[in-house]
Amino acid sequence: MAGKIRIRSVSNWNIVTTVILAVLCVSISVFGFTQYSVLRSAMQDYISCENAAHELQNGSDILTKQVRLAAGTGDSKYIDAYFQEANITKSREKALEDLSALENSSEAVEELKKAMEASVDLMQTEFYSMRLVEESIESDPSAWPQELQTVELSENDASLSSSDKLNKAQQMVISLEYEEAKDLISGDVNAAIDSLTQIINNRQNHAANVFTKVFVLIIICVLVFSAMMLLVCLLMRYWIVRPLMTYNTAIQRDVPLVVRGANELQVLAQTYNRLYEENEERQKLIQHQAEHDPLTDLLNRGSFDRILNLYEQEQNSFALILVDVDTFKSVNDTYGHAVGDVILKKVARLLTTAFRNIDYICRIGGDEFAVIMVDMTTDLSYTITDKIQEINRQLSVPESGIPAVSLSVGVAFTDREKPGKSLFTDADKALYYTKYHGKDGCSFYPVD
């Protein structure tokens, strides 16, 4: 109705011409309007079906995104977001209800029901993955969603370490089987669209045949035809021009597009939004790669320097722990760099396990590691000694093809006595004291 109201260029000549042609056009107009309603209804049904199908697909994709973020980050807020979508927002269920309300959509509904069933089946894998995440971060089981509390892990999975559980959770939601299940959902969604498209096409073709006959008579009514053209222009403005202007503003502001307008523009907006989200994920990955060591996935030297400088500026109480793998060059020369890489990964894993989640564990050189242990004072130095002794105990046991090694460690606290030039320099002095007094141990600055 808004498009008709905007017809302002129609002047008195249109009224006069309408009166003259009224008798001739009344029957044609009534019949043509009936067929136009059929055509418009068919198009609206098609758009509604496609929107419902894409909404179901989008709901499934939201669940996938949240479970992957939960597995990738170990953050339970993404699990909460997952169940917000699954149990409260219910995009998939609402999409199925919307499609069921359309006429002649039973075949499409059946295909979407298949997609919904496949999505529900896939949720079992996602529940299992999120259960692994919850256990890996050792959160309070009583706060878990009911669906996760009923998940039972296999004996092998239940015995995994926290990091291995998180790795298993990640693998489950990026596996080939998982992607095949997602493809099955997409295939059912596309089948639903194809089914209703065929019905809509039949309705459109019938309406088009009638329009062809009506058009011959409408040619006589040139002014009526002109009015129709004006209506088309207004519709184009509403469905194309205005959405494009909105898209242009959104792109300039670097925000996702609001899906509106003609079907083709909706597809364009959805594609842009998908690329926008993928680009955000890519930027996060690039940032992660820039801050982490590629071999051990620990924080790299650049990250270490920034964090150490930040803590020193804020004058927080913490301990700087410098770690060196003893005789690492000899191991590389004897066993090869591949074995050396395995040892570095093992050291990184043991350091990560031994220290707290709030501590910063970094690889700052070839065989050199550093730990910024926050909220630590000199009187708690024994806790560091115990951790290093336990790590050295585990490293002293050779494995198949992996020789035994040890760590030399130097520690400096921010509340140390006789501080030197810098905390790093003092920790380095303690490290070299250890290396030149038998290695395989831990020394604290100031050294004797």
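Contact here means heavy atoms within 4.5 Å. The model is predicted. Helix α14, residues 337–354, lies across β1, β2, β3 and β4. Its direction is at about 10 degrees to that of β3, which spans residues 368–374.

**The sheet**

- Five strands make up an open sheet of mixed pairing, and their order is β2-β3-β1-β4-β5.
- β2 (360–363) and β5 (441–444) are the edge strands; each has a single partner strand, so one side of each is left without a neighbour in the sheet.
- From one strand to the next, the twist averages 20 degrees.
- Strands of a sheet pair through backbone hydrogen bonds, in either a parallel or an antiparallel manner.
- Strand β1 (residues 318–325) and strand β4 (residues 407–413) run antiparallel and are joined by seven bridges.
- Ala 319 has Phe 413 in β4 as its bridge partner.

**The nonpolar cores**

- The largest nonpolar core holds 45 residues, of which Tyr 82, Leu 99, Leu 112, Phe 127, Met 130 and Val 189 touch the most other members.
- Two or more residues of this core come from each of α2 (12–73), α3 (77–89), α4 (91–100), α5 (106–136), α8 (162–172) and α9 (176–218).
- α5 supplies the largest share of this core, with 13 residues.
- Another core, of 30 residues, lies apart from it and includes Leu 298, Ile 321, Val 371 and Ile 402.

**Surroundings of Val 189**

- Leaving aside residues up to four places away in sequence, Val 189 touches Ala 53, Leu 56, Gln 57, Leu 112 and Ala 115.

Key:
Residues numbered from 1 in each chain as written. Predicted model: local features only at pLDDT ≥ 70, side-chain atom pairs only at ≥ 80, totals over all residues. Heavy atoms only, no water. Pairing = 2+ DSSP bridges. Helix = DSSP H or I, 4+ residues; strand = E, 2+ residues; numbered from the N terminus. Axes fitted to C-alpha atoms, helices over the stretch in contact; angles between N-to-C directions. Core = buried A, V, L, I, M, F, W, Y, C linked by side-chain atoms within 4.5 Å. Buried < 20%, exposed > 50% of the residue type's maximum accessible area, 1.4 Å probe, protein only.
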